[in-house]
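This report walks through one protein model and its ligand. Keep the sequence and the structure open while reading.

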Amino acid sequence: MAPGHVGRSNRQNTGFACDRTNWESIEPGKSNSPKSYKLKLRILPRPSAILGAMPRLAHFRAKHDAHAVNAAEASAAILHVDMDAFFVSVELLARPELKGKPVVVGGQPDQRGVVTSASYEARRFGVHSAMPLRTARKLCPQAIFLDGHHELYGQWSDRVAAILAKYSPIVEMASIDEAYLDLAGTERLHGPPLSVANKLLCEITSTTSLPCSGGLGASRLVAKVASDQAKPRGLVWVPAGSEPAFLAPLAARRIPGIGKVTDSALKAFGVETIAQLQVFSQERLEELFGRWGTALYRKARGIDSYEFFVDAEAKSLSHNQTFGTDTNDPEKLHATLSYLCQKVGKRTRDAGLHARTITLTVRFANFDTITRSHTLAEPSDLDSVFLKTVLDLFAQAWRGKALLRLVGVALTGFSAGSGQLDLLDPGRRDKLERLARTTDRLRDKFGFSKLQLGGSLSKRPERE
Ligand code: DCP
Ligand code: MG
């Protein structure tokens, strides 16, 4: 199918839609410079194998310049981007001759370590990340084993983050190779979300030569599951309203937050698929799993749930901001830190938690990265407490001149209760609590970015 051509399955009116745009890089021959790579569209060799997991999913594919989208797309505003076989893909930039071969990053097969990333060719043999290298060798003796270069991966991650920052003011790097973008409100500037997603993924691949996939949906959870389904080199869109049906055929384990422990507990009740989980009432799940049951009920329907953070497997909460252009504007930096504190603060309160340790990350233009942490005397869930700490840490970490490419705020040391409020005088405590409750309520209603506290909107940082 030629670039620019729009193909649509006539099954699209079944209530689902999926956009799958595929591309691959063409090596220019001589240079490894990412800039010299070009893109072309390609149709997946075995699309049915990947779409097989979503049998009732109507789809249209190979849209280079997406335009004919229907109204449901308007509410699909969260894009999850995840790099394909990230560490392997970075290694392949320097060793293109290994492309198409089973490649494993993590170390040599006689070492005691584990696989950190496996190429899709190696995965066909059952090799996957977190598997002991020795097991990987048994499953795929012909695989090429490479040592990892973590600093390099961090640099490529930053390059990707800088591209993402051009498409939305709200980019959350969730890990070294994945990010959520809030595309709501960027429509006027960049066009419909599906078209933006397509453009963005193409730009990442054309400028870095690293393959990636995306998922577009109305919630973070659905966007993440969708990008997983899209891999490799794909884009899947789940229109608002079709989340439960999109999730239904998938294994329960595909839901972010459902780890080994929950999965085997669910299996004990005969639940293997999300469809089977959807049969359970909220009351029944709460009976079985307590508060986690509420989260499971919501997750099975594609609704984001910050109860995720009380899952034993989640121990930290962070938000980063990569600047489109490196900056040393103190007002912009302070405003961004205020914004990040509001983000982590809201998520902490949504989860009914308090955090004890606050970590600031500062990345300089040359990719040098430093982190500074402070542990509070008592845990807190207040933006203002986080911000004060973060600004103190920032004053130690940054002397006011060097250009910065990223700042981030992370919280750890969660607990369900707090003594922090008792350290404040009662009037001030009431005021802060009321403010947090009101802003949270409004944000739940209108979306986080619609309501910013003074410090992150004006150029002045919020100081209470
Ligand atoms: N990683 C790691 N140890 C793990 C899992 C992952 O060090 N147990 C690193 C290596 C990965 C990177 O994080 O390349 C991103 O993790 P992903 O889960 O996104 O895995 P990949 O990017 O390798 O593959 P996929 O195409 O499935 O995203
Ligand atoms: Mg990845």
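Helices and strands here are DSSP runs numbered from the N terminus, a strand being an E run of at least two residues. By that rule, A174 is found in strand β9. The model is predicted.

## Overall make-up

The protein chain has 464 residues, and 42% of them count as buried. Its secondary structure comes to 17 helices and 16 strands.

Take the contacts between residues at least 6 apart in sequence: 66% of them join residues at least 24 apart.

## The ligand shell

How many residues surround ligand 1? The shell holds 14 residues. F86, F87, T116, S117 and S129 are the closest. Two elements each give two or more residues to this shell: β5 (78-83) and α2 (86-94).

Six of its residues are nonpolar, three are polar and five are charged. Two domains contribute as well. Domain 1 (10-86 + 152-245) and domain 2 (88-142) each supply at least three residues.

## Helix α2

Is α2 enclosed or open? Seven of its nine residues are buried, so the helix is largely enclosed by the rest of the structure. The buried residues are F86, F87, V88, S89, V90, E91 and L92. F86 and F87 are also among the residues closest to ligand 1.

The buried residues of α2 pack against several elements. These are the strands β5, β6, β7 and β8, and the helix α5.

## Helix α5

Helix α5 covers residues 150-165. At 1.5 Å a residue, its 16 residues should span 22 Å.

The buried residues are Y153, W156, S157, V160, A161, I163, L164 and A165.

Strands of a sheet pair through backbone hydrogen bonds, either parallel or antiparallel. Strand β10 (residues 178-182) pairs with β5 in the antiparallel sense, over five bridges. In that pairing, V81 has A179 of β10 as its bridge partner.

Strand β10 also pairs with strand β9 (residues 171-175). Four bridges join these two, again antiparallel. V171 stands opposite L181 in β10. The two strands form a hairpin with two residues between them.

A174 sits in β9. What does A174 touch, leaving aside residues up to four places away in sequence? The answer is A179 and Y180. A174 has 17 C-beta neighbours inside 10 Å, so this residue counts as partly exposed. A174 and D82 are 92 residues apart along the chain, yet their C-alpha atoms are separated by 9.6 Å.

## The three-stranded sheet

The order is β7-β6-β8, with mixed pairing. β7 (117-118) and β8 (144-146) stand at the edges. Each has a single partner strand, so one side of each is left without a neighbour in the sheet.

Strand β6 (residues 103-105) pairs with β7 in the antiparallel sense, over two bridges. V104 stands opposite A118 in β7.

Most residues other than glycine have a negative phi, and most peptide bonds are trans.

Where does P232 lie? P232 is in the loop between α8 (220-230) and β12 (235-237). A cis peptide bond joins K231 and P232, with omega of about -10°. R233 is found in the loop between α8 and β12 too. R233 is not a glycine, but its phi is positive, at about 55°. R233 has 21 C-beta neighbours inside 10 Å, so the residue counts as buried.

A130 is found in the loop between α3 (120-123) and α4 (133-139). A130 also has a positive phi, of about 75°, without being a glycine. Is A130 buried or exposed? With 8 other C-beta atoms within 10 Å, A130 is exposed.

Key. Residues numbered from 1 in each chain as written. Chains lettered and ligands numbered in written order. Predicted model: local features only at pLDDT ≥ 70, side-chain atom pairs only at ≥ 80, totals over all residues. Near = placed C-beta within 6 Å. Nonpolar A, V, L, I, M, F, W, Y, C, P; charged D, E, K, R; others polar. Domains from an automatic or database assignment. Buried ≥ 20, exposed ≤ 12 C-beta atoms within 10 Å, placed from the backbone. Contact = placed C-beta atoms within 7 Å. Expected span 1.5 Å × (residues − 1). Pairing = 2+ DSSP bridges.
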